[in-house]
Each structure stands twice: as C-alpha cells, then as structure tokens.
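Work through these exercises with the model open. Try each task before reading its solution.

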Amino acid sequence: MTNMHTSRQLTFADDNNDKTSISVTILETFDTSASYGLYLWPCSPILAQYIWYNRNDFIGKNILEIGAGTSLPGLVAAKIGAQNVILCDNPKIDKWLPLIRETMKLNMMIADRICIEFLDWYDEESIDGVIKKYFPSDVDIIIGSDIFFDKKDFETILALLDKLFTYKNSSLKFIGTIERRSRSTILKLNHLIYAWNMTLDIVPLNSFNGDAIHPNIIAGHDIVLFSIVKTTQK
Ligand SMILES: C[S@@+](CC[C@H](N)C(=O)[O-])C[C@H]1O[C@@H](n2cnc3c(N)ncnc32)[C@H](O)[C@@H]1O
C-alpha cells in the first residue's frame, strides 16, 4: 500500500444506548491519477446506515453491490451478517482491485463472505459473467451508492437492472442512494424508471436515522435513498 491511501473507520450504532454497534474500515486514495470511485462519496454512509438500521432484512441474504468503489455499504452488509456480498466495479478502474484487496485485509473478520468481481455496466460480457456465476440463486438484493451520478449513464444502468431482474423471478430489489446534484436529477431518473416499467420508492432519511449520521461527510449534500423494483413484481 502506498501512502496515497488513507483509512477511515466508520461506526454504526443504535441510538437506544444498548451499545449495539459495528465499525468498518475503508480505504480511500487521493492519488490524482485514480478514479473518483476510490473516494467515499456522501451517498455511501447513508446507504450503509439504511442497511445497518434495517439489518434484519439483510441478515442471511446475498447482496450484489454495483459501482461499489470504497464499498462501505457492502462491507456493512457483510458485517451485520449477510451470507455473501459480491462487490463489483468497473474493470477500467485499475486501482480498485488493489484498494479493495487491501480493504479486505483491514476487515479480516468478514473477508470470507466477500467476492470481488469486475462488472462494467456497458460491457455485456462482464454482465453475463456475473449473471452466470451468481444468478439466480446467489443474489437477493442489489445495492448501489451514487451510481446514478451522470445522467448519460442512467438508461444503461436501468437496462442492467432490468436484465438482472429478469434473471430472478422473485421480488429482486435494488436499493440505492443518489445525490440531488441538480433539480432535474430525480425527475430524469423517475421518467426513465417509468419507461422501463419499474417503480421507484423514496425512503425518508429520518425513517432510518439517515438524517443524523456522519455530519462531517454528509453536510451540505442532498441525498435521497430509494428502491427500484419491476412494476409487475409489486
Ligand atoms: C460516484 S462513484 C460512487 C462510489 C461508491 N459507490 C460510493 O458511493 O462511495 C461511482 C462509481 O461507479 C463506478 N462506475 C462508473 N462507471 C462504471 C461502469 N461503466 N461500470 C461499472 N461501474 C462504474 C465508478 O468506478 C465508481 O466506483
């Protein structure tokens, strides 16, 4: 590991004083030649907090995280007792694999429940590789933090979700976070969701203490947590 990496420990705790908590260590890189994916985006602790707060829904489940980057939500899922967590990111981000392998060493307790895969939303071969290896039985929930960051990618990501949804004849759900970087962000997403015969539901942050955590990371960022399902599955 070079000194371009810095580690950050995040703790998730109940607010009822019963001292139930978990801590996860992630690595970020500030090497300017690296991708922006190797930085903890403010959407990430919000999705992680959702998983922590709703952990009964994730315990024993198989989780696929796409556009995982520093992978905090997936690591939290593994730590609270998900059966298996598949972390995926773009093969073009060559610094991701060493970063995530180093992260695994720092979170040794959960390393045996984590798989690392390359999945490029634009590359059918890499998508089919993940489907062949893990679908339909080894994925129950798909998660993604701040993957809807560039409007030009929205439709491609929805096409990917649509493909994954059709490989699983049950109620496969995507749970993600998005940053409202412009007034039209959610409008654009919702418009496409409708066109893809999917349903988007927004979950209020205060329903899972998402409005109260890690203010040093979240401050000033307008984050929305939502789920997407195939409309016919509802
Ligand atoms: C804004 S970052 C979010 C990273 C991380 N999920 C977080 O919230 O901290 C967007 C992520 O999407 C990934 N990404 C971008 N284009 C991609 C593609 N074509 N296929 C797969 N992942 C991609 C990036 O590498 C990056 O990890």
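**Exercise 1. Burial**

What percentage of the 234 residues in the chain is made up of buried residues?

Solution. This is a predicted model. Apply the cut-off: a residue is buried if 20 or more other C-beta atoms lie within 10 Å of its own. Buried residues then come to 36% of the 234 residues.

**Exercise 2. Overall build**

Count the helices and strands, then judge how compact the chain is.

Solution. Step one: the chain has seven helices and nine strands. Step two: its radius of gyration is 17 Å, and the globule rule gives 17 Å for 234 residues, so the chain is as compact as a globular protein of that length. Step three: the C-alpha trace spans about 45 × 40 × 35 Å along its principal axes. Step four: turn to contacts between residues at least 6 apart in sequence; 73% of these join residues at least 24 apart.

**Exercise 3. The core**

Find the largest nonpolar core and say which residues have the most contacts inside it.

Solution. The largest nonpolar core holds 61 residues. Val 76, Ile 142 and Leu 161 have the most contacts inside it. Helix H1, residues 43–53, gives the most to this core: seven residues. Now take Val 76 and set aside its neighbours within four places in sequence. Its contacts are then Phe 12, Ile 22, Val 24, Ala 48, Ile 51 and Trp 52.

**Exercise 4. A cis bond**

Which two residues are joined by a cis peptide bond, and what is omega there?

Solution. Look at Phe 135 and Pro 136: a cis peptide bond joins them. Omega is about 0 degrees. Pro 136 belongs to the loop between helix H4 (124–134) and strand S6 (141–145).

Conventions:
Residues are numbered from 1 along each chain as its sequence is written. This is a predicted model: local features need pLDDT of at least 70, side-chain atom pairs count only at pLDDT 80 or more; totals for chains, interfaces and linings use all residues. A nonpolar core is a set of buried Ala, Val, Leu, Ile, Met, Phe, Trp, Tyr and Cys residues joined through C-beta atoms within 7 Å. A residue is buried if 20 or more other C-beta atoms lie within 10 Å of its own, exposed if 12 or fewer, and partly exposed in between; C-beta atoms are placed from the backbone. Helices (H or I, at least four residues) and strands (E, at least two) are DSSP runs, numbered from the N terminus. Two residues are in contact if their C-beta atoms, placed from the backbone, lie within 7 Å. The radius of gyration is taken over C-alpha atoms; the globule rule is 2.2 Å times the number of residues to the power 0.38.
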